[in-house]
Each structure stands twice: as C-alpha cells, then as structure tokens.
Amino acid sequence: MQIQIKKFYYGDIPEEKSSAPSTPVTRDEHEWPLWEVFIRSKQGLDHKHVGSLHATDAEMAIKNARDVYTRRQEGISIWVVESKNLHASNPDDAAMLYDPAADKIYRHPSFYNLPEEVKHM
Amino acid sequence: MNAHLDYVLHLADTTLVLAQRNSEWCGHGPILEQDIAITNISLDLLGQARNYYQHAASLINTANPNAQADEDSLAYLRDEREFKNPLLVELEKGDWAKTTLRQFLFSVFQDLQLKRLLHSTDTQIAAIAEKSLKETAYHIAWSSEWVIRLGDGTPESHSRMVTALNEVWEFTGGLFVPAPYELQLAGTIAADVSQLEKPWTETVSNVLEEATLSLPGKTFMQQSGKTGIHTEAMGYILAEMQSLKRSLPTATW
C-alpha cells in the first residue's frame with residue numbers, strides 16, 4: 001500500500017509558491033517516519049539542529065540519535081521531533097519577511113542612554 | 001596464577017567473539033540507524049576485549065619477561081580450544097531477531113557479572129568493569145526494546161522471535177556453570193556466576209512477558225564453551241577473524 005504525504009522536508013521546498021506540492025511525495029508504508037534531531041553540547045545552553053534520521057517512535061528516535069549523532073561526545077542532551085510536525089517559512093517569502101527590518105536600526109538597543117549605574121552593557 | 005590468567009582470557013574472549021559476531025552486521029543492518037547501533041555495540045565490546053587482553057598480556061609478560069605477549073597475539077594467534085567464551089556468544093548472528101535476543105540475554109548476564117566484578121580483588125578487572133557497566137546498561141536498554149518490539153509486533157516478527165528463542169535458549173545455561181578457573185577464584189578475583197541465574201531469569205522473564213513470549217521450560221543445556229569445547233560455528237569465526245594476521249603476520253594498519 002502506498003500512502004501520500006504532503007510534506008516538505010527542509011531544503012525540499014519546490015519552485016512553485018503554492019503551499020501544496022504539485023507532485024506529492026509518495027512513501028512506502030514500510031519506511032519509518034523521519035525525525036529531526038537537536039543536540040545540546042556540553043558547553044552550549046541551546047539545542048542545535050544536527051540532522052535527521054528514521055525511527056518508528058520517539059524512544060527509538062532518541063536512541064538512534066544517540067548512536068548516530070553523539071558518537072564523538074557531541075552532546076549531553078537530545079531532542080527529537082517528527083519532521084512532519086516542523087513547519088518552515090518559504091524561502092520565496094524572504095523579501096516580505098526579512099527585508100523590512102533592514103532600515104529600522106532604531107530597534108537595536110544602542111540608541112538608548114543607559115544610567116551611569118548600569119555597567120558592562 | 002594460571003586460573004587468574006584463564007579468567008581474564010575468558011572475559012576477553014567472551015567480549016571479542018560477540019564483538020566479531022555483531023560486526024558481521026556492518027553494512028548489512030536493517031536500516032542505517034540500526035546498522036550504526038549494532039556496530040557501536042560491537043565496538044563497545046571490542047574495547048572491553050582489548051582492555052582484558054592487554055591485562056592478560058601484562059600478566060603473561062610479568063610471569064615470563066621473554067613471553068612478549070600482546071593483545072593481538074592473544075586475539076589472533078590462539079586456537080579454538082584455547083578460547084574460553086561461553087557458547088552463547090559464538091552462535092551465528094541469524095536474523096535481526098536472533099541477534100537482538102542473543103544480545104539481550106548476554107547483556108543481562110554481563111551486567112550482573114560486572115556488578116560483582118566491581119569488587120574483584122584484581123583492581124584492573126574492577127576498573128574495566130566500572131567502565132563497561134555504562135555500556136552494558138545501554139546494550140540492555142537497546143536490545144530489550146527490540147525483543148519487545150519484535151515479540152509483540154506483527155505475526156511474522158513474533159514468530160521470528162519465537163524461533164530465535166528456541167534456537168538460543170539451550171546455550172544460556174552454560175553462562176551460570178562456573179569453569180574450574182572460575183570456581184577457584186569465585187568471590188576473590190572472579191564473580192560467582194552460579195548466583196546470577198536467579199536474578200537473570202527474573203529480568204529476562206519480565207521482558208519476555210512484555211514481549212508476549214513465554215520463557216522456555218527446563219531443558220537440556222549446553223555448557224562447554226568456557227572450557228574450550230565449542231560449537232561448529234566457532235571455527236568459522238576464528239578463520240575469518242584470524243586469517244589475515246596469520247597469513248601476513250607483520251601487516252599493519
């Protein structure tokens with residue numbers, strides 16, 4: 001049995017601007033779901049996206065992430081999220097989304113006068 | 001002294017042979033992520049084997065300064081009858097059900113054994129045990145999940161687990177029968193494996209129950225591996241593992 005998945009994986013967003021892919025990704029039901037992996041390093045405070053992998057459920061995804069992405073002591077904490085639950089902005093919308101911020105330098109805190117008492121800002 | 005050396009070699013051979021068996025999956029795992037998982041476990045076991053062989057070599061070289069033993073000579077230049085691993089670890093890897101089930105049955109045993117070896121009067125063994133226990137905890141978690149997943153999975157995965165259990169079970173009893181060198185050292189350098197059967201059976205039956213598999217009843221148990229008498233599978237492992245070193249003794253990486 002073939003199931004149809006209307007899902008863009010990151011980097012896979014097609015040329016058309018439409019939110020639905022013109023040719024749906026088909027996937028064999030025996031293929032395991034894709035998961036995105038986030039690892040927190042010993043020094044870091046944040047979990048960073050490191051890649052993706054296949055697993056049948058969250059528990060296996062964490063174990064697989066441990067085996068695939070922390071073999072060289074890359075991290076001390078793992079997050080996984082099923083890829084279909086991640087929604088990405090469309091690169092074609094970049095102009096609309098990000099360019100308007102370019103001329104609004106007053107949003108940076110450098111224009112505010114700080115009181116004498118506040119040091120090391 | 002001989003019993004001491006035999007015991008360290010027994011620990012070394014056990015981990016090396018299972019490492020070799022699991023490494024046969026390298027490039028053949030059911031899925032990339034699990035291919036990496038099983039070869040990681042293989043590398044953990046190989047690392048433990050190296051620690052034990054290095055220790056064994058230093059025991060040999062201390063007793064006889066001209067011996068020039070090292071980890072490679074012990075792994076590659078000994079013959080089948082000198083290998084002291086239990087039969088369970090030398091069995092063919094079979095399908096994924098058999099591999100994960102064997103790993104589970106072994107890891108639960110190894111965990112119990114290593115916990116006792118933390119108190120070994122040989123401090124080197126105690127140190128290796130401490131390092132290995134963290135690895136073994138993961139091996140149990142990983143393999144028990146697979147036993148449950150396949151046992152309590154589809155009709156096909158369940159029947160493969162049942163077949164694996166029937167194939168492997170008679171080779172588990174030998175784990176708990178001490179070899180003469182173990183008897184001699186039990187409670188000092190060695191762990192008393194005869195005490196481990198009860199807690200092992202408890203853990204194993206809990207997982208098998210969750211996997212909807214039934215614990216096999218009392219049956220004849222093969223016992224010979226630790227004294228050097230092996231199954232027909234053993235010669236093939238050694239042939240594959242040792243042939244390069246034996247035909248090209250000076251080859252290096």
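1. Basis of the description. Because the model is predicted, local features are given at pLDDT of at least 70 and side-chain atom pairs at pLDDT 80 or more, while totals for chains, interfaces and linings use all residues. Residues are numbered from 1 along each chain as its sequence is written, chains are lettered from A in the order in which they are written, and side-chain values use heavy atoms, with hydrogens and water left out.

2. Overall make-up of chain A. Chain A holds two helices and five strands, arranged along the sequence as β-β-β-β-α-β-α. Helices (H or I, at least four residues) and strands (E, at least two) are DSSP runs, numbered from the N terminus. Of the 121 residues in chain A, 24% are buried; buried means under 20% relative accessible area, exposed over 50%, and partly exposed in between, with a 1.4 Å probe and protein chains only. Contact means heavy atoms within 4.5 Å. Among the contacts in chain A between residues at least 6 apart in sequence, 45% join residues at least 24 apart.

3. The sheet of chain A. An open sheet of three strands has the order E4-E3-E5 in chain A, with antiparallel pairing. Its edge strands, each pairing on one side only, are E4 (47-54) and E5 (77-82) of chain A. From one strand to the next, the twist averages 25°. Two strands are taken to pair if DSSP finds at least two bridges between them. Angles run from 0 to 180 degrees between N-to-C directions, and axes are lines fitted to C-alpha atoms, for helices over the stretch in contact.

4. The E3-E4 hairpin. Strand E3 (residues 34-40) of chain A is joined to E4(A) by seven bridges in the antiparallel sense. The two strands, E3(A) and E4(A), form a hairpin with six residues between them. Within this pairing, Trp35(A) has Leu53(A) of E4(A) as its bridge partner, and Glu36(A) stands opposite Ser52(A) in E4(A). In a regular strand the side chains alternate between the two faces of the sheet.

5. Helix H1 and the loops on either side of E5 in chain A. Helix H1 (residues 58-69) of chain A lies across E3, E4 and E5 of chain A and runs at about 105° to E4(A). In the loop between H1 and E5 of chain A is Gln73(A), whose phi is near 60°, a positive value in a residue other than glycine. Gln73(A) counts as exposed because its relative accessibility is 71%. Ser83(A), in the loop between E5 and helix H2 (94-98) of chain A, is buried, with a relative accessible area of 2%. The C-alpha atoms of Ser83(A) and Trp32(A) are 12 Å apart, although 51 residues separate the two along the chain.

6. The nonpolar core of chain B. Which members touch the most others in the largest nonpolar core? They are Tyr7(B), Tyr53(B), Leu105(B), Val147(B) and Trp200(B), in a core of 90 residues. A nonpolar core is a set of buried Ala, Val, Leu, Ile, Met, Phe, Trp, Tyr and Cys residues joined through side-chain atoms within 4.5 Å. Not counting residues up to four places away in sequence, Val147(B) touches residues including Thr100(B), Phe104(B), Asp152(B), Met161(B) and Leu213(B).

7. Helix packing in chain B. Helix H6 (residues 123-151) and helix H9 (residues 197-210) of chain B have axes that come within 8 Å and cross at roughly 40°. Ser144(B), Val147(B) and Ile148(B) of H6(B) meet Val207(B), Leu208(B) and Glu210(B) of H9(B).

8. Two further residues of chain B. His55(B) belongs to helix H2 (residues 32-63) of chain B and is buried, with a relative accessible area of 10%. Leaving aside neighbours within four places in sequence, the contacts of His55(B) are His4(B), Val8(B), Asp122(B), Gln124(B) and Ile125(B). Gln68(B), in the loop between H2 and helix H3 (71-76) of chain B, has a positive phi of about 55° although it is not a glycine.
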